[in-house]
Amino acid sequence: MAAQGDCGQQLSGGDAPAASDCLYILRSAVGSQVCNPVCTCDVSGGGGVTASDSLLCLKVAVGQQLVLSCPCAVTTTTTSTTTTTEPPCGNGSLDQGEECDDGNRDDCDDCSHDCKIECGNDVVECDEECDDGNLEPGDGCDLCVHGCLAPFMFCSSSAQCCTGICDGAIMECSSCAPPGHSCSELACCVGDCIGGECFFNPE
Ligand SMILES: [Ca+2]
Ligand SMILES: [Ca+2]
Ligand SMILES: [Ca+2]
Ligand SMILES: [Ca+2]
């Protein structure tokens, strides 16, 4: 909505300039009035206040659909709404292309500055002991902390295995005792437990 002081409206406060406003512009063009600010009388935007500005004003005042374009920040009808767009990453909600959004742009808090999950990206960073590119446990790296090895994972010592032992014959963690090993704590993988030791198919 236009108001007094808007483009062309030195006097009136209506939606469009009134004839009295246009007369004011004409007087200003001939120097008998002073527009304040001057730009509000230059309704054509042509630079300077002229008789043609008052004519354009008059056309609008009588209802012609013409656009007044005063070269000042104030305009007749446009109200500009300023929308502040927050940066999508760091706004706390998951937007397109984001793996996470923890509401900040900091690294090393599980969600990186560019909204990527830090653990599981196959890059050892921050305070990660390891990063094997996944979040699966049992493969030696469990949520970026050194972890134990699940059965059938390649191993070099039994201490690495989550359960059971490292089967030295195949170098895999085994949750059962292979032949030749003690069956006091683990059941035999194959064969029978005879005298505390696993024997494969003794028959
Ligand atoms: Ca976001
Ligand atoms: Ca973060
Ligand atoms: Ca990582
Ligand atoms: Ca893993």
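This passage walks through the predicted model, from overall form down to single residues.

Start with the overall dimensions. The C-alpha atoms of the protein fill a box of roughly 125 × 30 × 20 Å along the principal axes. The radius of gyration comes out at 41 Å, whereas a compact globule of 203 residues would have one near 17 Å. The domain assignment gives domain 1 as residues 1–77 and domain 2 as residues 158–199. Between the centres of domain 1 and domain 2, taken over C-alpha atoms, there are 96 Å. Buried residues make up 28% of the 203 in the protein. As for contacts with a separation of 6 or more, 24% of them are between residues 24 or more positions apart.

On to secondary structure. The protein has two helices and six strands, and read along the sequence the pattern is α-α-β-β-β-β-β-β. Helix H1 covers residues 19–30 and helix H2 covers residues 51–61. The geometry of H1 holds up to a quick check: at 1.5 Å a residue its 12 residues should span 16 Å, and the end C-alpha atoms sit 17 Å apart, so the two agree.

The helices also feature in the packing. The largest nonpolar core has 19 residues, and the members touching the most others are Cys 22, Ile 25, Val 43, Cys 57, Val 60 and Ala 61. H1 and H2 each supply at least two residues of this core. Val 60 shows some of the contacts made beyond its own stretch of chain: leaving aside neighbours within four places in sequence, Val 60 is in contact with Gly 8, Ala 16, Pro 17, Leu 66 and Leu 68. Another core, of six residues, lies apart from the largest one and includes Leu 149, Cys 155, Cys 166 and Cys 173.

Looking at each helix in turn, the buried residues of H1 are Asp 21, Cys 22, Tyr 24, Ile 25, Leu 26, Ser 28 and Ala 29. What covers them includes H2. In H2, the buried set is Asp 53, Ser 54, Leu 56, Cys 57, Leu 58, Val 60 and Ala 61, and these residues pack against H1. Each helix is followed by a glycine with a positive phi: after H1 comes Gly 31, with phi near 95°, and after H2 comes Gly 63, with phi near 105°. In the loop between H1 and H2 sits Pro 37, which is joined to Asn 36 by a cis peptide bond with omega about -10°.

The loop between H2 and strand E1 (139–142) holds Gly 133. Is Gly 133 buried or exposed? Gly 133 counts as exposed, because 11 other C-beta atoms lie within 10 Å and the exposed class takes in 12 or fewer. Setting aside neighbours within four places in sequence, Gly 133 is in contact with Gly 120, Asn 121 and Asp 122. Gly 133 and Gly 196 are 63 residues apart in sequence, and their C-alpha atoms are 41 Å apart in space.

Cys 115 is also in the loop between H2 and E1. Its phi is positive, about 65°, although Cys 115 is not a glycine.

Strand E2 spans residues 145–149 and runs antiparallel to E1, with three bridges joining the two. Why does Cys 144 count as buried? Cys 144 has 21 C-beta neighbours inside 10 Å, and therefore meets the cut-off of 20 or more.

Technical notes: Residues numbered from 1 in each chain as written. Chains lettered and ligands numbered in written order. Predicted model: local features only at pLDDT ≥ 70, side-chain atom pairs only at ≥ 80, totals over all residues. Domains from an automatic or database assignment. Core = buried A, V, L, I, M, F, W, Y, C linked by C-beta atoms within 7 Å. Helix = DSSP H or I, 4+ residues; strand = E, 2+ residues; numbered from the N terminus. Contact = placed C-beta atoms within 7 Å. Rg over C-alpha atoms; globule rule 2.2 N^0.38 Å. Expected span 1.5 Å × (residues − 1). Pairing = 2+ DSSP bridges.
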